[in-house]
Amino acid sequence: MKIALLGHGTVGRGVVDIIDSGTGALEVSRILELPQFCNEARMTSNFDDIVEDDEIDAVVEAMGGLEPAHGYIVRALEAGKSVVTSNKAVVAEFFEEFVDAARANGASLFIEATTGGGIPWIAGLMKVRRVDEVSSFSGIMNGTTNYIVDQMSRSGAEFGAVLERAQGLGYAERDPSADIDGIDVKNKTIISASVAFDVACTHDLPVSGIRNLTKADLEFFASRGQSVRLLGKGVQELGSYAVAVEPTAVDARSMEAAVPDNFNLLSCEGATIGPLKFYGQGAGSLPTGNAMVQDLLDLAAGVRPIYDFSRGLAYDPTLLSGDYLIRAAGFEPSGAEPAGAGYHRVPDITAEQARSLLDEALSVDPTAFMAAIG
Ligand SMILES: NC(=O)c1ccc[n+]([C@@H]2O[C@H](COP(=O)([O-])OP(=O)(O)OC[C@H]3O[C@@H](n4cnc5c(N)ncnc54)[C@H](OP(=O)(O)O)[C@@H]3O)[C@@H](O)[C@H]2O)c1
């Protein structure tokens, strides 16, 4: 099967390396490159050379960003070529449009690499929902923030020092906002919910990150027998669903609290399968390339993912609610009780209300931090 690669960076090179090391039926016949880097016969800087080539069955998109990735994916699908992408930002934004374009043109869309890197999470969710409704999912979906929390907990170092170390190791971008403010997890949560619940998931979900997490915060949670992890989560119940991204205080003896370095741990639950957990490398050239090659092998074998967003699930924020712990100097939320170390415990609010409360707190104390009690 001939494929074209868009984006010859970390993930794209992983795909080429795995295919070149021998996966049988796959051949990278075209690579889209910027003109100054076109140094092989199969490289082109003109997407028309790819989309108009009838011999190419599949386009692998690993460029990142919204445009031109979005336009290229739509054009490839409209030309009847299946698309395999690792680009969570573009899928979170245009999932339904891509699914419609694939269906209308007899092509398929594969997205395993968008969420959980090399972990077969999307395939796992699809398999669960063949028998069960996925009643809930949650996960450590971002390796950079897990590395930061894990290193802070182990070494007692402050956030900034560990972030610098993560940047030195290539785990964190020079601008780490997408990771530490929860945007990356937001995209993965939207994709996970869409697949798990068969719904074109809303973008308007409560999102908070770990930018303000301190060593003293982790010591406070440790004194309560807890650790903090940044989780993407979703719940489905009685024809409704809710999703959120938020730091969560998890039991120090839980599997989540034990996830080391930049690893990911994704969990879901169904009525007959019970709780399931998927653990592994959530990013990196070869693990993510592996997920894309798995998608290509499925395509070659005629195995096509089916997404169906026609159920019309309602969004009900009350499905995700609980108690929260908030630290903000000079800010006392109404109905909250002091919990020690400058923290207040706020009982029984939704994730949406919690995010609004955090906004209020941040306007008083820009260093405020809040975690859901898991
Ligand atoms: N890195 C990971 O571990 C990982 C894991 C899961 C998912 N992803 C996702 O996979 C995608 C790619 O990530 P990455 O880490 O591989 O990024 P990357 O290393 O920056 O690679 C992207 C490549 O695409 C090229 N590119 C961008 N726009 C292009 C255009 N218009 N024409 C031709 N080439 C173009 C870039 O070239 P220039 O550098 O010259 O601009 C670069 O070589 C992103 O959506 C990311 O979120 C990454």
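Biologist: How far apart do the C-alpha centres of domain 1 and domain 2 lie?

Modeller: This is a predicted model, and its protein chain is divided into domain 1, covering 2–114, and domain 2, made up of 132–281 + 320–373. Between the C-alpha centres of domain 1 and domain 2 the distance is 32 Å.

Biologist: How many residues does the contact take from domain 2?

Modeller: On the side of domain 1 that touches domain 2, the residues divide into five nonpolar, one polar and two charged. The contact takes eight residues from domain 1, and from domain 2 it takes six residues.

Biologist: Which helix gives the largest share of the shell around the ligand?

Modeller: There are 21 residues around the ligand, and those that come nearest are Gly7, Gly9, Val11, Gly64 and Ala283. The largest share, three residues, comes from residues 10–20, which form helix H1.

Biologist: In which sense do strand E14 and strand E15 pair?

Modeller: Strand E14 spans residues 337–340 and strand E15 spans residues 343–350, and proline 338 stands opposite histidine 344 in E15. The two strands are joined over three bridges, and the sense of their pairing is antiparallel.

Biologist: Which residue takes a positive phi in the hairpin of E14 and E15?

Modeller: The hairpin of E14 and E15 has two residues between the strands. The positive phi, near 55°, is taken there by alanine 341.

Key
Residues numbered from 1 in each chain as written. Predicted model: local features only at pLDDT ≥ 70, side-chain atom pairs only at ≥ 80, totals over all residues. Near = placed C-beta within 6 Å. Helix = DSSP H or I, 4+ residues; strand = E, 2+ residues; numbered from the N terminus. Domains from an automatic or database assignment. Contact = placed C-beta atoms within 7 Å. Nonpolar A, V, L, I, M, F, W, Y, C, P; charged D, E, K, R; others polar. Pairing = 2+ DSSP bridges.
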